Amino acid sequence: MGLYDRFKQQGVPSDINEFIELQRAALLICPPGHSLRQIFLNNLGTGLYERFKQRGIPSDLDEAVELQRATLLICPPGHSDRPTSLNNLGISLHERFKQRGVPSDLDEAIELQRAILLICTPGHSGQPTFLTNLGVSLCERFKQRGVPSDLDEAIELQRATLLICPPSHFSRPRALINIGASLYDRSMQQSVPSDLDEAIELHRAALLLYPHGHSARSLSLDGLALYLRDRFEQRGASSDLDEAFRLYAQLSHIPHAVSRMDLTAARSWAISAEETNHDSVMVAYQTALKFLDQHVTMLSSSLRYFHIVRVATVSLAMDAFSCSVRHGALTTAVEMMEQGRAVFWTHLARFRTPLDELSMSGDTGAALAEEFKQLSSRLRVAFDRSTEDPSPQIRQLTKQWEDVISRIRMLPDFPRFLLPPLFSDLQKSAEEGPVIIVNASRYSCDALIILSSQDPVHVPLHIARTEVSELSSEFQSLSEQFGYSNHLQKLVNILRKLWHEVVDSVVQALKESKVPHGSRIWWCPTAEFTLLPLHAAGPYEKKKDNLSDIYISSYTPTLATLVRARQQVSGDASPQHFVAIGQAKPTGAKALEYVAPELAVVAQHLAPVVSVTSLADGDATVQGALDALNNNQWLHLACHGMPNRQQPFESSFAMRDGPLMIKDVIRSDWQNPEFAFLSACHTTVGDEKNPDESIHLAAAMQFSGFRSVIGSMWSVDDEVARQVVSAFYRNLVDGSVRLECTRAAVALHKALKSLRKKITLEQQIVFVHIGV
């Protein structure tokens with residue numbers, strides 16, 4: 001079990017994979033009837049369940065359930081391991097119910113948990129856990145079906161748990177919270193005032209058992225504040241609301257490293273403050289974003305933790321931005337937006353570069369960098385172990401962690417080590433043209449124009465978040481049909497609505513700000529705006545200009561990304577190396593007829609200024625592509641793009657021997673990459689549940705260092721791609737003696753303009769430019 005224990009401590013995926021394979025091998029040599037078979041069945045089921053929790057692959061959970069059923073069959077009544085086996089199967093079935101909502105899974109979990117209690121005599125060490133599990137499952141079923149007897153039974157079980165958990169028992173606070181939650185649910189269903197009053201008293205008692213500094217205190221605090229607020233709404237006693245916000249205010253002074261529970265509580269504070277128009281709302285958002293920043297920094301850049309970020313960040317930055325705009329704090333709005341969006345990428349960039357620079361800044365810097373890495377790792381392990389109260393260890397490690405950060409910030413070149421950027425830093429993104437943040441929040445939709453030498457300009461948008469979502473869904477459905485039939489009128493209608501509801505107001509504000517006709521502008525969209533083709537908006541009427549007739553559009557996922565790209569200036573004298581990779585016949589995918597002609601066109605147009613290395617077909621493998629990118633700063637990639645909107649880190653480019661995935665790209669350490677043309681489908685399509693995080697192929701290239709990237713928003717026609725590529729490189733070179741990536745947006749703009757009468761509208765607007 002060493003690999004399993006190490007995985008639980010460190011979260012290294014290879015450990016759990018190896019553990020699973022070893023258990024499979026052990027089962028092969030332990031046929032039915034073997035004395036050790038039950039152990040290996042249980043171990044394999046446990047390993048698959050843990051891998052499911054990490055990666056979310058449904059087949060792992062299904063197999064875990066079947067293995068745990070098989071384990072139960074060879075642990076008959078009277079067997080010493082039967083309670084454990086019943087418990088494991090019940091937990092897996094409950095988890096599967098939460099994932100898929102199949103009622104029979106929850107019913108079976110409840111029956112198994114009842115069976116455990118029948119064979120566990122009073123005084124059994126696991127009785128508090130078994131009572132709690134059954135109570136939680138019954139509460140879950142009550143929420144699904146509304147049968148009062150389930151909730152009543154859950155409350156009785158939770159009261160029984162409390163009786164066998166004396167005041168000093170580590171499970172008592174959790175038991176108090178569970179009963180309080182169930183009583184609260186019953187008070188909401190049956191409108192019994194005494195249930196809500198008792199729920200509040202139980203949460204107050206739990207809070208007393210969680211002193212300041214306890215890692216689970218915020219969970220109890222959040223529940224109590226919620227109940228007090230509800231009682232205020234029912235009975236109007238202002239003292240309840242005052243107490244709720246006094247509790248929330250305690251979150252501003254948490255003396256330990258931030259946990260998920262702290263982050264959840266801070267978000268609840270912000271929502272409550274918004275809904276009651278409380279004057280603590282700005283502090284609530286600032287606290288939540290600070291917690292998010294600290295939590296992600298501590299978690300490291302491991303993909304394993306991305307699901308935590310995804311859940312924590314949904315709408316937070318967009319709502320904070322809206323709040324700041326409504327309060328007239330426009331520069332604060334920009335800072336908050338930057339702090340809470342594209343968190344995975346932003347953290348990856350902000351974490352990697354400063355640590356590398358710190359490590360190379362001398363002996364002191366190298367020692368501090370190593371100390372910081374080790375403490376971060378130990379904190380992650382401490383938070384992963386939650387069977388007992390880890391607060392003393394977490395408090396000690398937090399103090400050491402904050403101390404090393406303070407010492408790093410005392411060094412001359414690192415005063416803002418791991419701190420989010422200030423507006424004065426972010427404003428540099430607009431040095432070559434305005435950047436327009438387009439935000440969709442449940443509270444308001446707004447655009448903010450960032451200019452290089454003045455305060456941001458606010459443009460109210462007269463569209464609701466729900467309308468943006470509907471427009472985005474309509475467009476996504478339409479884009480899936482592109483290429484199969486003519487949908488011109490539907491597409492034009494969407495682009496017109498985008499113009500009238502969003503883009504026209506921005507254009508008028510740009511003109512009032514004296515941004516000249518023909519200038520470059522950068523869009524920084526949020527939420528569902530990330531899925532809409534802002535660059536293609538227009539009235540689409542005779543004698544009226546569309547956006548592309550007025551300005552040249554690029555995109556950037558964050559302002560800091562654009563700032564970094566501007567700061568990476570390539571040496572004029574350095575030799576330029578260009579690789580064109582084409583995969584026309586990937587394994588298991590449709591052949592692409594025009595890849596070879598496309599690579600030939602690239603080489604032909606670039607011949608006057610740079611030699612092109614071509615990597616095609618049999619040589620265009622995953623490793624071949626990665627090796628080529630280690631030796632070339634300029635890339636043209638023609639192949640299938642394979643988005644995975646449920647598991648965005650699995651999105652890939654199709655190579656001869658398999659997928660070149662986002663996770664392969666971001667683990668690479670390329671030297672001074674400049675430009676990438678991704679001539680593939682869906683390269684700017686990201687996470688279905690949280691598109692704002694920009695986990696897609698084009699973003700992976702950009703955050704890996706490419707200053708300028710061209711990608712696609714939907715499917716690209718093979719022959720059209722060849723025409724666009726030819727026109728693009730002709731305009732990019734256009735008499736130059738060297739390639740310059742800052743010319744890419746203009747070259748794409750000119751190329752598409754020259755092809756307007758030759759290709760359909762959806763193919764004219766599919767390619768977008770990202771970066772400088």
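User: Where do I start: how many helices and strands does the protein have?

Analyst: Start with the inventory. This predicted model has 32 helices and 14 strands. Of the 772 residues in the protein, 58% are buried.

User: What share of the contacts join residues at least 24 apart in sequence?

Analyst: Take the contacts between residues at least 6 apart in sequence; 71% of them join residues at least 24 apart.

User: Which residues have the most contacts inside the largest nonpolar core?

Analyst: A core is read as a set of buried nonpolar residues joined through their side chains. The largest one here has 135 residues, and Trp523, Ile581, Met655, Met701, Phe728 and Tyr729 have the most contacts inside it. Helix α23 is the element that gives the most to this core, namely 12 residues. Another core lies apart from it and holds 71 residues, including Leu134, Ala206, Leu316 and Cys323.

User: Which residues is Tyr729 in contact with, leaving aside its neighbours within four places in sequence?

Analyst: The list for Tyr729 is Phe578, Val602, His605, Leu606, Leu635, His636, Phe675 and Phe677.

User: Where does helix α23 bend?

Analyst: Helix α23 spans residues 488–512 and bends by about 50 degrees at Trp499. Trp499 is also one of the buried residues of α23, a list that includes Leu491, Leu498, Val502 and Leu510. Just after this helix, Lys514 has a positive phi of about 65 degrees.

User: How do strands β6 and β7 run, parallel or antiparallel?

Analyst: They run parallel: β6 (residues 578–582) is joined to β7 (residues 612–616) by 5 bridges.

User: Now a loop residue. Why does Thr530 count as buried?

Analyst: Burial is judged by relative accessible area, and the cut-off is under 20%. Thr530 counts as buried because its relative accessibility is 19%. The residue is found in the loop between β4 (520–525) and α24 (547–550).

User: What does the side chain of Thr530 reach?

Analyst: For a polar contact, look for a pair of N or O atoms within 3.5 Å. Here the Thr530 side chain reaches the backbone oxygen of Ala527, at 2.7 Å.

Conventions
Residues are numbered from 1 along each chain as its sequence is written. This is a predicted model: local features need pLDDT of at least 70, side-chain atom pairs count only at pLDDT 80 or more; totals for chains, interfaces and linings use all residues. Side-chain values use heavy atoms; hydrogens and water are left out. Two strands pair if DSSP finds at least two bridges between them. Helices (H or I, at least four residues) and strands (E, at least two) are DSSP runs, numbered from the N terminus. The bend at a residue is the angle between axes fitted to the seven residues ending there and the seven starting there. Buried means under 20% relative accessible area, exposed over 50%, partly exposed in between (1.4 Å probe, protein chains only). A polar contact is a pair of N or O atoms within 3.5 Å; within protein, one must be able to donate a hydrogen and the other to accept it, and residues adjacent in sequence count only if both atoms are side-chain atoms. A nonpolar core is a set of buried Ala, Val, Leu, Ile, Met, Phe, Trp, Tyr and Cys residues joined through side-chain atoms within 4.5 Å. Contact means heavy atoms within 4.5 Å.
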